[in-house]
Amino acid sequence: STTHTFLLTPPKKITLSLTKESLEFFKGEAEKHHTNYQSMIRELLAQYAAHYREKTVSSHSKPRKHIR
């Protein structure tokens, strides 16, 4: 069972086109780790989004210097 630490809501089904090489990579990695490649891609994208969401939030909350 995979722990989804970055999933905030239930997954929503979409269609995503990947290159043959990317798909083969994820399928191979998923097999090595005894998981589903779709879950692995979903977790990767959730972590990526969380990382950049935090950067965006923190960059907007910094105090701005006033130029005189």
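Reader: Is Tyr-52 buried, partly exposed or exposed?
Author: The relative accessible area of Tyr-52 is 40%. The model is predicted, so local features need pLDDT of at least 70 and side-chain atom pairs pLDDT 80 or more, while totals for chains, interfaces and linings use all residues. Residues are numbered from 1 along each chain as its sequence is written, and side-chain values use heavy atoms, leaving out hydrogens and water. Buried means under 20%, exposed over 50% and partly exposed in between, with a 1.4 Å probe and protein chains only, so Tyr-52 is partly exposed.

Reader: How many aromatic pairs are there?
Author: Rings of Phe, Tyr and Trp (its six-membered ring) pair if their centres lie within 6.5 Å; planes under 30 degrees apart are stacked, over 60 edge-to-face, the rest tilted. By this rule, the number of aromatic pairs is two.

Reader: Which arrangement do Phe-25 and Phe-26 have?
Author: Their ring centres are 5.3 Å apart. The planes meet at 75°, so the pair is edge-to-face.

Reader: Which class of accessibility does Phe-26 have?
Author: Phe-25, at 47% relative accessibility, is partly exposed. Phe-26 has a relative accessible area of 16%, so Phe-26 is buried.

Reader: Which arrangement do Tyr-48 and Tyr-52 have?
Author: The centres of these two rings are 4.8 Å apart. With 45° between the planes, the aromatic pair is tilted.

Reader: By how much of helix 2 are Tyr-48 and Tyr-52 separated?
Author: Helices are DSSP runs (H or I, at least four residues), numbered from the N terminus. Tyr-48 and Tyr-52 are four residues apart in helix 2 (residues 37-60), so their separation is about one helical turn.

Note on methods
Helix = DSSP H or I, 4+ residues; strand = E, 2+ residues; numbered from the N terminus.
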